[in-house]
Amino acid sequence: MNYLGHAYLSPRDEQLLIGNLAGDSVRRVDTAALPRNIQLGLDLHERIDVATDGESAFKDLCRCIDRADLPYPGVIADLLIDYVLASRWREFSDENFEAFKERVYLSLDRGAGLVSARFLFTATVLTAEDWFESYRSLEGMQTAFYRLSRRARRPIPLQEINRFLRREEDAILNCGSEILNNVAASIGSFL
């Protein structure tokens with residue numbers, strides 16, 4: 001699951017949200033020195049990742065991406081789950097998407113620097129480029145995959161990913177919905 005999915009599965013506590021979103025940015029950070037709720041958010045991030053990776057639908061999606069000869073199947077699957085969530089937002093949340101984005105982005109503006117300079121940079125770019133909005137459409141996903149390609153070590157065939165997404169969209173939407181619902185149910189006791 002990528003940033004949108006992690007934010008969606010976070011409680012409304014700002015520091016839990018920040019820790020959950022910072023989960024991939026804490027290498028070489030003394031997490032014991034962070035505020036307690038940020039530490040709990042980091043734990044939540046790990047639980048979400050473990051639950052997602054254990055989902056048979058997630059494994060199926062990764063195999064489908066791999067069969068399409070695309071690199072980074074897990075990373076691409078994570079982005080596709082955010083696409084499912086953003087494009088079908090009303091199926092998953094009663095909160096208005098714009099209000100949700102504003103709440104999360106404001107939390108990041110206020111608290112990302114509590115974690116690390118690396119996470120502050122990521123959060124600043126995420127909010128400035130409005131990543132959550134880009135996940136709402138196929139055109140926006142082209143931008144999301146382009147952002148990924150800028151950070152990737154191996155080349156990412158953007159045209160092939162876009163063709164894959166268009167060709168497999170129905171299966172991706174169904175698979176992603178199943179993953180989101182199952183992960184939400186499995187971590188529900190954490191919240």
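**Aromatic residues and overall form**

Mentor: Let us begin with one aromatic cluster, which is formed by Tyr8, Trp89, Phe92, Phe97, Phe100, Tyr105, Phe132 and Tyr135. The model is predicted, so local features need pLDDT of at least 70 and side-chain atom pairs count only at pLDDT 80 or more, while totals for chains, interfaces and linings use all residues. Residues are numbered from 1 along each chain as its sequence is written, and side-chain values use heavy atoms, with hydrogens and water left out.

Trainee: How many aromatic pairs does the structure hold?

Mentor: Rings of Phe, Tyr and Trp (its six-membered ring) pair if their centres lie within 6.5 Å; planes under 30 degrees apart count as stacked, over 60 as edge-to-face and the rest as tilted. The structure holds 9 aromatic pairs. One of them joins tryptophan 89 and phenylalanine 97 edge-to-face, with 5.1 Å centre to centre and 70 degrees between the planes.

Trainee: Are tryptophan 89 and phenylalanine 97 buried or exposed?

Mentor: Buried means under 20% relative accessible area, exposed over 50%, and partly exposed in between (1.4 Å probe, protein chains only). Both tryptophan 89 and phenylalanine 97 are buried. A tilted aromatic pair is formed by tyrosine 105 and phenylalanine 132, at 5.2 Å centre to centre and 45 degrees between the planes. This pair links distant parts of the chain, 27 residues apart: tyrosine 105 lies in helix α7 (residues 97–111) and phenylalanine 132 in helix α9 (residues 131–134).

Trainee: Why does tyrosine 105 count as buried?

Mentor: Tyrosine 105 counts as buried because its relative accessibility is 11%. Phenylalanine 132 counts as buried as well, at 0% relative accessibility. Across the protein, buried residues make up 51% of the 191 residues.

Trainee: How many helices and strands are there in the protein?

Mentor: Helices (H or I, at least four residues) and strands (E, at least two) are DSSP runs, numbered from the N terminus. The protein has 12 helices and 0 strands. Its radius of gyration is 16 Å, close to the 16 Å that the globule rule gives for 191 residues, so the protein is as compact as a globular protein of that length. The radius is taken over C-alpha atoms, and the rule is 2.2 Å times the number of residues to the power 0.38.

Trainee: What share of the contacts is between residues 24 or more positions apart?

Mentor: Contact means heavy atoms within 4.5 Å. Among contacts in the protein with a separation of 6 or more, residues 24 or more positions apart account for 68%.
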